[in-house]
Amino acid sequence: MSQLDQLPDQDPAETAEWLESLDSAARTGGPHRTAHLLRRMAERAGHLGADLPPLLETPYVNTVPTAEEPAYPGDEELDRRITAWNRWNAAAMVTRGNQRGGLGGHIATFASAAWLYETGFQHFFRGKEADGSGDQLYLQGHASPGIYARAFLEGRIDEARLDRFRQEAGGDGLPSYPHPRRLPWLWEFPTVSMGLGPLSAIYQARFNRYLEHRGIKDTSRSRVWAFLGDGEMDEPESTAALALAARERLDNLTFVINCNLQRLDGPVRPNFKIVQELEAQFRAAGWNVVKSLWGSAWDAVLARDTDGALVRRLRAVPDAQFQTYATRDAAYVRDHFFGTDPALRALGAQLPDADLLELFRTSRAGHEPRKVYAAYRAAVEHEGAPTVVLVQTVKGHTLGPGFESRNANHQMKKLTGKEFRALRDLLELPIPDRALDDGPVPYAHPGEDSPEVRYLRERRAALGGPAPARKVTPKPLPEPSAKPFEALQKGSGTQEIATTMAFVRLVKDLLREKETGRRWVPVVPDEARTFGMESLFPTAGLYSPAGQTYDPVDRDQLLYYKEAKNGQILNEGITEAGSLASFTAAATSYATHGEPMIPFYIFYSMFGWQRTADQFWALADQLGRGFVIGATAGRTTMTGEGLQHADGHSHLIASTNPAAISYDPAFAYEIAVIVREGLRRMYGPEAEDVFYYLTVYNEPKVQPAMPPGAEEGILKGLYRYREAATGSPSDAPRLQLLSSGTAVHWALDAQRLLAEDWGVAADVWSAPSWTELRRDALACDAARLRGEDRVPYVTRALHGAPGPVLAVSDWMRAVPDQIAPWVEQDWTSLGTDGFGLSDSREAVRRHFGVDPQSVTVAALAALARRGEVKPETVREATARYALDF
């Protein structure tokens, strides 16, 4: 029985005839002939429009047949010479740095990929001078020396700067890898944290379509190119979004995977075939796959393979063994590769030793511009799906037998003088022996008026200017009207609303702004309803390139689920990594496309920084701007969700990111002040390369009106919210309660308990940003070392405040403890150190010792240490409140 027996068959007799023909072919031609016929039939069926799933694996040969390779459009000899100069200077730059100071660097990656880049730069990659966008290039970090070498040939980097590779501390150096923050006129995308490049590239291509569909900018000519290593594809982020790219038909996206079969320490798939594995993975996800494996020396040999024995053998040999063939002599290859099959033995006998060694040592498609060009052309001409180009190369190609295909070549940082002479001869460069006799190996340049440089510049001019290039044309956004902010600053009257809802209401009003409303990009990982954002669905719409092809189940409701091609909300599904990649594309649109967008990414606070801190670091490197919102914040506020959902440390992680401006607002009016200032700092005339992190809570509270004069303290991170009751005796013990976020309410309750039960007068301070207070203090410390007399804001704000200071928050004690060194008073802190747990808010706060009663006892204990209350008062309070510390 067959599964197909369940399907209708309009002509069983015809089906039987086809099956009989196949049986006959199998009897006479064998299984390999049968497989060939079936592949031919499947290919023809696809051309005829038959709806068949694609085969997941194709033969281990080039996708584009030699006879179908397009004519090479440029001057191949000049392209070869340009690539030779780049190879030399990349190796020289890294070698010189290591001869001087052991600075590290990588040579072998670019050596294998040189033609992959050069073919793109000469014939495909569009610059920004045409439409302000050009193509977006995600380049392999370890290949950066080759990109610098090309910029040197173009005249964008001089020889002195090449000599400052990996020497940035003195200024005007070259960063080790693509770091936009360190070299913002050249690099657009940080890629060396492997796995983030492919993920980001997919969401960048998707965001390009988003801009186009929403009418912000025509990005139809922009193509995203991501250059990756085969070893990098083991990172889960590398393949996490393949289905998204296929589902949304992102044919503006091309992956180029350099399959040199080696990762950092050895073969990528020692016992298997990485090319075939990747092909199956991408085809299964719905991608178009172009394989470019074998160089021209293989063409004639493959043509003699009349029964397919050679192709079958190439497919069967594991990658690690193939690497061994590339390093052994002809006799070994004849015996171990060709000696396994009589047909192969006869084929190998026809090959002279020199030809055989060329096949296995150097003849890879990735080292031949015509093969690479044919693969790229097939990629850019494909419509309806993204394309991955799997290109086979030799790691360390042209660097000599000490480098090529060696397991250790990733750690090899310099060439010897003998190796440089061999490289010069192989590349046919006019560098005299005397230049290689003494001192560091020289850089080489054909001359500003040489045919190579003239040709190179002509090609880049025709393609829209230099690449890679990052270009920022200031385009300040108009300040939104005051009304949305004033609404929050007035308070909520008697209505209780959570700060999460306060933020969503503010954004909803800002989306209506005539000038800037369309530039907001809400990014949500499938929790919009949790955060009260469903009211945005019918008005802003959820982005879908297909629009809405179905009748939504809630169509008859006011807040129905509305998808649209020009939808504004990016509802990403359950993927924090994908959501942050989307946010990054929007947050850097001001540079990538010259169109400033205002993204806000809202998520369960526990699943933001903890899960994707590496991406936040890349966001900072890429100089992203926007608002990141950690909703359902705090370790005791979302208690029903338990240990994995209770965030008490994201502010600590965020504090490690220099570009993150972090706030933990307690009240709606604080949110209004912070967001308004954030818009000014990130999108005003003097735009800064920072992003804002705000934590908001799901605990409904009456939102008070903003006290007069509080704005400065809100932004700096600390202000006195409520002084002790005016009727307190002048000799009453005094202290200062500092708190942030929802903990302000615990402090206010503790203030009342201290006054009513123990006669203690406490001032309550709101500390919207412990991190900004610390950064200001650190800056003051540094200024003092320069002889300046600067006092930290936190010190000035608390100066003269009577009594000890007790800080409390819904975070680990380390969060408020950031400012302890700059507080003159005695310091104590309370926090939620440890794992979260499920229970009521009151019970969990009692467990962590941060509820109002616990705060009260901690305050009395701080006063007792100073002798301002009796020690037995602390014991009495502990018993009265039934605390068990």
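**Helix and pockets**

Modeller: This is a predicted model. In α28, the buried residues are Ala-743, Val-744, His-745, Trp-746, Ala-747, Leu-748, Ala-750, Gln-751, Leu-753, Leu-754 and Trp-758.

Biologist: How do you know that the span of α28 is close to the expected one?

Modeller: Helix α28 covers residues 743-758, which is 16 residues. After the helix comes Gly-759, with a positive phi near 70°.

Biologist: What makes α1 stand out in the lining of the largest pocket?

Modeller: α1 gives eleven residues, the largest share of that lining. The largest pocket has a volume of about 2300 Å³ and is lined by 50 residues, with Arg-39, Glu-43, Thr-58, Pro-59 and Val-61 nearest its centre.

Biologist: What makes a residue of the second largest pocket's lining count as nonpolar, and how many do?

Modeller: Leu and Trp are among the types that count as nonpolar. The second largest pocket has a volume of about 1100 Å³. Of its 21 lining residues, Leu-4, Thr-15, Trp-18, Leu-19 and Leu-52 are closest to the centre. Leu-4 and Trp-18 therefore count as nonpolar. The whole lining divides into 15 nonpolar, two polar and four charged residues.

Key: Residues are numbered from 1 along each chain as its sequence is written. This is a predicted model: local features need pLDDT of at least 70, side-chain atom pairs count only at pLDDT 80 or more; totals for chains, interfaces and linings use all residues. Side-chain values use heavy atoms; hydrogens and water are left out. On a 1 Å grid over the protein atoms alone, a cavity is a set of points where a 1.4 Å probe fits but cannot get out, and a pocket is an open set with protein on both sides within 12 Å along at least five of seven lines; lining residues have an atom within 4 Å of a point. Grid points are joined across faces, edges and corners, and a volume is the space filled by probe spheres set on the points. Helices (H or I, at least four residues) and strands (E, at least two) are DSSP runs, numbered from the N terminus. The expected span of a helix is 1.5 Å times one less than its number of residues. Buried means under 20% relative accessible area, exposed over 50%, partly exposed in between (1.4 Å probe, protein chains only).
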